[in-house]
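User: I'd like to learn how to read a model like this one, feature by feature. Can you walk me through it?

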Amino acid sequence: MPLGDTAVVVRVGDSLGKVLATARKLEAARLPGVVEIAPAFASVALFLETPQPFDDFAHTIRAALRRRLPAAKLDRPSRLLEVPVCYEPECGPDLATVVQHCRLSPNEIMRCHCRPEYRVRCVGFSPGFPYLSKLPRALATPRRASPRTEVPAGSVGIGGAQTGIYPLPSPGGWNIIGRTPLRLFDASREPAALLQTGDRVRFFAIDRAEFKRWEK
Amino acid sequence: MGKVTILRAGPLMTVQDLGRAHHRHEGIAGGGALDLHAARVANLLVGNAEACALLEITLGPTRLRFGDERVIASCGVDNGVSLGKPLRVQTGEELELRAPPIGCRSWLAISGGIVVPLVLGSRATDLRGRFGGCAGRALRDGDELPLGRATTQLAFAGRSASWSAPNEWAQTASPHPILRIVRGSEWETFADEARSAFLKSAYLVSKQADRMGARLAGAGLARKKETELISEAVVPGTIQVSNNRQPILLLGDCQTIGGYPRIAHVITVDLPLAAQLRPNDHVQFEAVTVEEARALYWAREADLERFRVGLQLRSS
């Protein structure tokens with residue numbers, strides 16, 4: 001469906017596999033006039049250089065999606081990133097909120113948060129912000145009623161049934177339970193975002209002293 | 001190398017160009033001048049490539065000093081200087097730009113362009129990402145920006161050129177802005193009364209207005225059924241409706257995805273008008289089809305091409 005006069009959204013359903021396959025097919029097709037392609041949670045957006053007749057363009061997209069791609073191109077192996085997180089109270093100002101809501105101790109929260117292998121479902125909203133799926137249900141906590149005006153870079157938060165990491169100092173409404181010393185976003189780096197859609201992520205706990213060492 | 005010194009930056013002055021493509025999948029906004037057309041026209045007027053970096057000036061007043069002789073041109077609002085007309089400035093000259101009577105932003109191109117380093121393929125300032133432009137931040141009093149070497153010599157004697165950009169490109173602010181829109185993905189999900197109210201009533205631009213977007217206030221926009229949406233792409237011009245049923249008009253530095261319903265999108269050729277909205281303005285919306293939006297776009301491009309050719313004939 002059209003998104004204004006110079007972009008189009010292809011809805012594929014709420015499945016990471018389908019989103020990635022669609023994005024890769026569309027990239028491989030090198031459609032003329034397409035400036036960039038960006039996956040979201042259940043859709044892929046195409047941004048056009050200039051407005052094109054929508055029906056013709058929709059037809060081109062459908063044709064590109066029908067084409068078969070070699071499996072090697074479609075199923076790029078996903079990377080696994082191990083992300084250190086300090087779960088001390090000074091790094092996680094909302095730990096107490098999550099303790100209360102989930103009826104778990106800080107230690108249990110830390111262990112529970114470090115257990116799963118998460119998937120980056122989408123990078124977006126702000127530069128380099130990864131939305132991670134597979135948060136254990138026991139940790140799901142509603143967003144803060146009023147967002148914090150500034151959350152430090154690297155803050156690890158829980159927003160509803162998702163977890164994520166704030167790459168840059170910014171306002172934020174998620175419950176902050178820890179902080180990573182890794183630089184999730186660095187504009188002088190290519191790619192600038194450390195985590196890309198489809199990456200796998202596992203957290204491991206570090207203490208204050210280790211956090212300081214990592215920062216160097 | 002030449003330079004321009006920002007003596008008085010005003011409320012918000014940034015270095016911008018035509019923005020950044022290819023990084024939306026990393027959550028990076030397209031950004032760039034909020035009126036890309038004005039940026040292209042201002043650059044053409046001073047003999048620059050359209051993608052050269054220039055100054056985006058918000059309100060004012062502002063003051064600049066030029067380190068050497070340059071040609072400048074400004075498009076957007078009437079700031080008392082060279083509205084859409086190339087103007088020669090001398091070495092050491094100070095230029096004062098007053099606050100405009102209506103409208104919000106102007107784009108000032110300088111021959112040779114501003115040559116701050118390229119970051120992720122663009123010189124545009126990304127305020128939220130804190131990169132690009134001048135150290136990723138708004139310009140401050142005393143900042144100095146390096147200028148490139150002018151590539152094209154425009155042939156005109158005296159202080160100002162005899163030609164200028166068409167007035168509707170040079171001065172885009174309107175006391176009664178009407179933005180043309182196409183239907184958004186969630187248009188059908190809004191109640192009939194909401195859809196007609198959206199197109200019939202005026203909306204007030206609130207104080208919460210910046211390069212990311214402007215919150216508007218007016219007739220409430222209820223949906224037939226309040227359902228949670230899965231976040232999808234949003235673009236400059238997208239009008240989303242937040243939980244308090246009030247619209248938010250997104251601009252060039254907007255987030256890449258959003259979870260609010262999108263009632264409409266301002267068409268590309270009317271984004272210049274959207275960039276001129278300031279708090280307390282009243283704005284109205286008028287629906288057009290995607291086909292009409294496209295035809296309007298290509299008509300403007302054809303005019304721009306004629307303008308480009310006309311300028312080429314004047315350069316030596």
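Analyst: Let's begin with sheets. Helices (H or I, at least four residues) and strands (E, at least two) are DSSP runs, numbered from the N terminus, and two strands pair if DSSP finds at least two bridges between them. This is a predicted model, where local features need pLDDT of at least 70, side-chain atom pairs count only at pLDDT 80 or more, and totals for chains, interfaces and linings use all residues. Residues are numbered from 1 along each chain as its sequence is written, while chains are lettered from A and ligands numbered from 1 in the order in which they are written.

User: What is the strand order in the open sheet of five strands in chain B?

Analyst: In general, strands of a sheet pair through backbone hydrogen bonds, either parallel or antiparallel. Here the order is 2-3-8-5-6 in chain B, and the pairing is antiparallel. Strand 2 (12–16) and strand 6 (87–89) of chain B form the edges, each pairing on one side only. From one strand to the next, the twist averages 30 degrees; for such angles, axes are lines fitted to C-alpha atoms (for helices over the stretch in contact), and angles run from 0 to 180 degrees between N-to-C directions.

User: How many bridges link strand 5 and strand 8 of chain B?

Analyst: Four bridges, in the antiparallel sense, between residues 70–75 and residues 105–110 of chain B. To pick one out, look at B:S74, whose bridge partner in strand 8 of chain B is B:L108.

User: Which helix packs on that sheet?

Analyst: Contact is the idea here: two residues are in contact if their C-beta atoms, placed from the backbone, lie within 7 Å. Helix 1 (residues 36–45) of chain B touches strand 2, strand 3 (54–58), strand 5 and strand 8 of chain B, and its direction makes about 30 degrees with that of strand 8.

User: Is helix 1 of chain B mostly covered or mostly open, and how do I judge that?

Analyst: Count neighbours: a residue is buried if 20 or more other C-beta atoms lie within 10 Å of its own, exposed if 12 or fewer, and partly exposed in between, with C-beta atoms placed from the backbone. Helix 1 of chain B is mostly covered, with ten of its ten residues buried, including B:H37, B:R40 and B:N43. Just after helix 1, B:G47 takes a positive phi of about 85 degrees.

User: Which strands pair with strand 17 of chain B?

Analyst: Strand 10 (residues 178–183) of chain B joins strand 17 by three bridges, running antiparallel, with B:R183 opposite B:A264. Strand 14 (residues 238–241) of chain B also joins strand 17 through three antiparallel bridges; there B:T238 has B:H265 as its bridge partner. Strand 17 (residues 262–266) is mostly covered, five of its five residues being buried.

User: Why does B:W298 count as exposed?

Analyst: Because B:W298 has 12 C-beta neighbours inside 10 Å. B:W298 sits in helix 5 of chain B, whose buried residues are B:A293, B:R294 and B:L311. Those buried residues pack against helix 1 and strand 10 of chain B.

User: How many residues of chain A are in contact with chain B?

Analyst: 37 residues of chain A, meeting 33 residues of chain B. The largest share of chain A's side, four residues, comes from strand 2 of chain A.

User: What ipTM does the predictor give the complex?

Analyst: An ipTM of 0.91, along with a pTM of 0.94.
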